[in-house]
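Here is a short report on two chains and the contact between them.

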Amino acid sequence: MSIDKKTVEYMAHLARINLGDKELEKLSTQLDSILDFIDTLKKVSIEGVPPTSHALPINNVLREDSLAASLPAEKTFSNAPSRKNNFFTVPKVIE
Amino acid sequence: MSYEVVIGLEVHLQLKTRTKAFCGCSTEFGAEPNSQVCPVCLGFPGSLPVFNLTALDYGIKVALALNCTIQEHTKFDRKNYFYPDLPKAYQISQYDLPLSKNGHIDVELKQGPKRVGITRVHMEEDAGKLIHQDDYSCVDYNRTGIPLLEIVSEPDIRSPEEAYQYLVTLKSIIAYLDVSDCDMEKGSLRCDANISLRPAGQIELGTKTELKNLNSFKAVKDALNFEIMRQTQALDGGVKILQETRLWDEKVQQTISMRTKEGAQDYRYFPEPDLPEIKITQEKINEVKSSLPELPHEKMLRFTKEYGLSVYDAGILVYSKADASYAEECMKAYFSKDKKAVANWFNGALLSEANARNSSLSGLKVAAANLIELIGYVDREEISNLTAKVVLTEMIDTKKTAGTIIKEKSLIQISDTGALDKIARQIIEENPKSVADFKTGKNNALMFLVGQVMRKSGGKANPKVVQEVLKGRLTNA
Ligand SMILES: [Zn+2]
């Protein structure tokens with residue numbers, strides 16, 4: 001599996017990361033070797049191993065539907081870059 | 001060219017849990033902005049979601065009521081995208097192992113029942129709310145993390161009317177389960193529609209558009225009708241349909257392209273590592289199944305069998321659970337074996353009273369025994385249908401019984417032939433022209449004379465007897 005610069009560019013866009021040309025070059029080589037490493041996992045025989053989607057062998061961790069305290073406004077907004085009254089504010093985006 | 005319309009609907013349903021899907025914040029509607037948020041639903045680093053047991057139960061309930069197969073193993077996935085209403089930059093949803101698949105509901109249409117497939121019902125969390133200002137947007141995260149079900153239909157729907165009836169049926173079923181407010185105005189029920197056209201007889205599907213911003217069932221119907229017209233014109237003119245999302249604009253009654261930037265969405269789904277898998281045992285499924293109420297369709301069938309109602313009448317009666325049990329109470333209390341009269345009252349006079357008062361049928365608070373008493377007066381021909389309607393209005397307004405009102409206003413019908421004959425004689429004398437008309441075979445003339453007698457009696461004459469008396473006099477004269 002190989003990963004080209006274009007793919008890295010696309011992923012960077014999806015992740016909203018700005019990468020320069022040099023970084024793109026560097027990352028595509030690095031990602032390539034990471035994928036190579038993962039490819040070796042494909043060689044492991046997994047016959048008889050049931051598929052899994054979670055690392056922990058536990059399930060049904062659930063909570064009762066009972067109220068817990070929400071945050072007070074000063075905590076909610078303490079790290080907000082911008083706020084108006086009790087709203088977070090963001091640049092206008094309409095999709 | 002003639003085209004076949006292919007429609008699939010996606011319904012998002014907010015579940016009526018006290019707290020959010022993955023944290024203990026309240027789901028109460030209408031609170032101060034951002035007053036029902038915590039580190040989990042705001043996506044603060046280090047916080048961990050734990051799924052709400054009741055949300056799971058409600059999900060299983062809905063899935064079973066829609067005849068879906070519950071999956072033994074189900075898990076959550078992250079759906080990744082950037083948007084300000086999504087504080088974590090991903091929505092917890094379900095991808096390849098949804099809660100349930102392969103269901104169906106039976107929708108009653110004018111031309112008979114139709115089965116619409118349900119592709120899947122899966123669980124996810126709601127996003128926040130954006131309020132756009134002139135040059136910035138305000139974000140309220142109170143809604144973020146409220147448990148949702150996404151109910152996806154198969155592309156089995158063939159017309160806007162079918163889509164409408166599907167939604168009405170679905171809403172009725174969910175209301176019976178009491179797991180959601182189903183209020184489109186508050187956004188607890190939302191619907192998107194996929195629609196494509198294909199030349200009649202073609203198997204391959206045409207290119208579909210996705211319609212959003214549908215704020216009522218009527219908007220769904222209107223938007224689909226518009227889109228059929230738009231796509232038909234495009235295809236007839238040789239214009240290719242673009243696969244795109246279009247917004248319904250209520251004001252101009254048109255769908256408008258959203259013109260999203262390059263390429264399809266790439267959500268990069270992957271398993272949510274913060275939430276372990278969920279196993280649903282057969283025992284659990286049986287337990288929920290046995291807790292399901294009788295659903296509208298079963299109730300409708302039972303009403304046709306037990307009370308001899310038509311599918312149409314029964315269908316209207318069962319739409320709401322409270323009204324259906326009120327109607328059943330009345331039918332049980334009704335002395336005659338034929339319950340059609342009760343259904344007529346429900347779907348006629350009672351329904352117009354309810355509509356006029358913006359109430360449900362059971363909300364009119366007319367006790368079953370009192371309604372049956374009123375119907376009894378009509379059955380015995382002691383009052384006319386018209387008078388009965390007036391009495392009903394009075395019953396609702398004053399909470400008096402039919403008997404009291406009829407006595408107080410002396411509304412009992414005059415069926416005494418002697419008394420009515422007197423009036424008839426008078427009317428015949430006063431209307432020689434109508435009498436002549438009747439003799440030349442004009443039936444309208446008789447109806448006119450009946451009306452005159454009715455008027456003279458202050459509406460209290462029994463119209464049937466009046467007609468007989470008049471006929472007798474006219475033909476013997
Ligand atoms: Zn929270």
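## Surface patch and interface

A:Ile34, A:Phe37, A:Ile38, A:Leu41, A:Val44, A:Ile46 and A:Val49 make a nonpolar surface patch of about 720 Å². Patch residues have over 30% relative accessible area and no salt bridge, with nonpolar side chains (Val, Leu, Ile, Met, Phe, Trp, Tyr) joined within 5 Å and like charges within 9 Å. Areas follow the Shrake-Rupley method with a 1.4 Å probe, and for residues only the protein chains shown count as cover. A:Leu41 lies in helix 2 (residues 21-41) of chain A. A:Leu41 is exposed (over 50%), at 54% relative accessible area.

This is a predicted model: local features need pLDDT of at least 70, side-chain atom pairs need 80 or more, and totals for chains, interfaces and linings use all residues. Residues are numbered from 1 along each chain as written, chains are lettered from A, and side-chain values use heavy atoms, without hydrogens and water.

Now the interface of chain B and chain A.

| Interface item | Value |
|---|---|
| Chain B residues in contact with chain A (heavy atoms within 4.5 Å) | 55 residues |
| Chain A residues in contact with chain B | 33 residues |
| Buried area (accessible area lost, 1.4 Å probe, summed over both parts) | about 3800 Å² |
| Share of buried area from carbon and sulfur atoms | 58% |

In chain B, B:Phe82, B:Pro276 and B:Glu277 lose the most area to chain A, together 14% of what that side buries.

Key
Salt bridge = Lys/Arg side-chain N within 4 Å of Asp/Glu carboxyl O. Helix = DSSP H or I, 4+ residues; strand = E, 2+ residues; numbered from the N terminus. Buried < 20%, exposed > 50% of the residue type's maximum accessible area, 1.4 Å probe, protein only. Buried area = accessible area lost by both parts, 1.4 Å probe.
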